[in-house]
Every structure is written in structure tokens, then in C-alpha cells.
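Some notes on this model follow, point by point. Please read them with the structure open.

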Amino acid sequence: QLQASGGGLVQAGGSLRLSCAASGRTFSSSGMGWFRQTPGKEREFVAGINRSGGSTYYADSVNNRFAISRDNAKNTVYLQMNSLKPDDTGVYYCAASVVGNYGPRTNYNYWGQGTQVTVSS
């Protein structure tokens with residue numbers, strides 16, 4: 001199971017850090033991803049990270065503003081979001097790939113329940 005948290009309301013230019021806590025024994029061998037979705041739009045890939053945390057992948061829209069990281073000892077993946085814009089508003093979901101992939105087209109096996117991020121202008 002994946003439990004996302006850390007969302008909230010923030011002004012444009014502000015920062016938030018999302019967390020996704022995983023239960024089970026497969027976290028350290030799983031690739032992890034963050035996605036977001038707004039009403040009327042398809043779910044959008046935001047960032048991904050490999051098993052060890054040594055390799056990451058970002059959507060162009062968040063590159064150089066967001067940072068994904070993980071702590072395998074705590075079974076947790078993070079998304080640090082800086083310089084937030086109103087367009088970053090949405091429900092953010094974490095996802096896990098048991099085969100270790102972490103890109104936008106990865107077939108993720110498990111999904112968290114989502115946490116709302118709202119950026120006001």
C-alpha cells in the first residue's frame with residue numbers, strides 16, 4: 001500500500017514537500033513515480049526515481065523546480081516542489097513499479113490515494 005501526504009494550499013512561488021509511505025517488503029526494489037491530475041485532464045507524469053535513488057526522470061514542466069528522492073530505510077519517497085505555479089495545482093499520486101522502472105510510460109503496479117496540491121496566484 002502507498003500513502004501520500006503533504007499536500008495543501010500554497011501561494012505561487014512557494015514550496016511543498018510530498019511524502020509517500022509504502023508498506024510491504026518490495027519498496028527498495030521498486031521504481032517509484034509521482035503523477036498529478038486535474039479535473040478534465042489526463043493524469044500527467046511528474047517525476048520518477050529508480051530503486052537506489054541514483055537515477056531520476058522529470059517532466060519538462062517541472063524540471064529544475066521539483067526534486068524526487070527516496071529513503072529506502074523508511075520506505076518513503078519524496079517530492080520536493082519549489083517555485084510552485086498555479087499550473088501545478090492538482091491531485092498528486094505516487095506509484096510503484098515492482099520491476100523497477102520509473103518513467104512516464106512505465107506500467108506501475110500500485111497507486112496511492114492522492115494528495116491535493118493547490119497553488120494560488
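1. This is a predicted model. Cys 20 and Cys 94 are both buried, and they pair as a disulfide with their sulfur atoms 2.1 Å apart. The structure holds 1 disulfide.

2. The bond is right-handed, because the torsion about the S-S bond of Cys 20 and Cys 94 is about 65 degrees.

3. The largest nonpolar core has 27 residues, and the members that touch the most others are Trp 34, Leu 79, Met 81 and Tyr 92. Elements that contribute two or more residues to this core include strand S1 (2-5), strand S4 (31-37), strand S8 (76-81) and strand S9 (90-97). S3 gives the most to this core, with 4 residues.

4. Leu 79 deserves a separate look. Beyond its neighbours within four places in sequence, Leu 79 is in contact with Leu 16, Arg 17, Leu 18, Trp 34, Val 46, Ala 47, Phe 66, Ala 67, Ile 68 and Tyr 92.

5. Ser 30 sits in the loop between S3 and S4. Is Ser 30 buried or exposed? Its relative accessibility is 2%, so Ser 30 counts as buried, the cut-off being under 20%. The side chain of Ser 30 reaches the backbone oxygen of Thr 26 at 2.7 Å. Leaving out residues up to four places away in sequence, Ser 30 touches Arg 51, Arg 70, Ala 96, Ser 97, Val 98 and Gly 100.

Definitions and conventions
Residues are numbered from 1 along each chain as its sequence is written. This is a predicted model: local features need pLDDT of at least 70, side-chain atom pairs count only at pLDDT 80 or more; totals for chains, interfaces and linings use all residues. Side-chain values use heavy atoms; hydrogens and water are left out. A nonpolar core is a set of buried Ala, Val, Leu, Ile, Met, Phe, Trp, Tyr and Cys residues joined through side-chain atoms within 4.5 Å. Buried means under 20% relative accessible area, exposed over 50%, partly exposed in between (1.4 Å probe, protein chains only). Contact means heavy atoms within 4.5 Å. A polar contact is a pair of N or O atoms within 3.5 Å; within protein, one must be able to donate a hydrogen and the other to accept it, and residues adjacent in sequence count only if both atoms are side-chain atoms. A disulfide is a pair of cysteine sulfur atoms within 2.5 Å.
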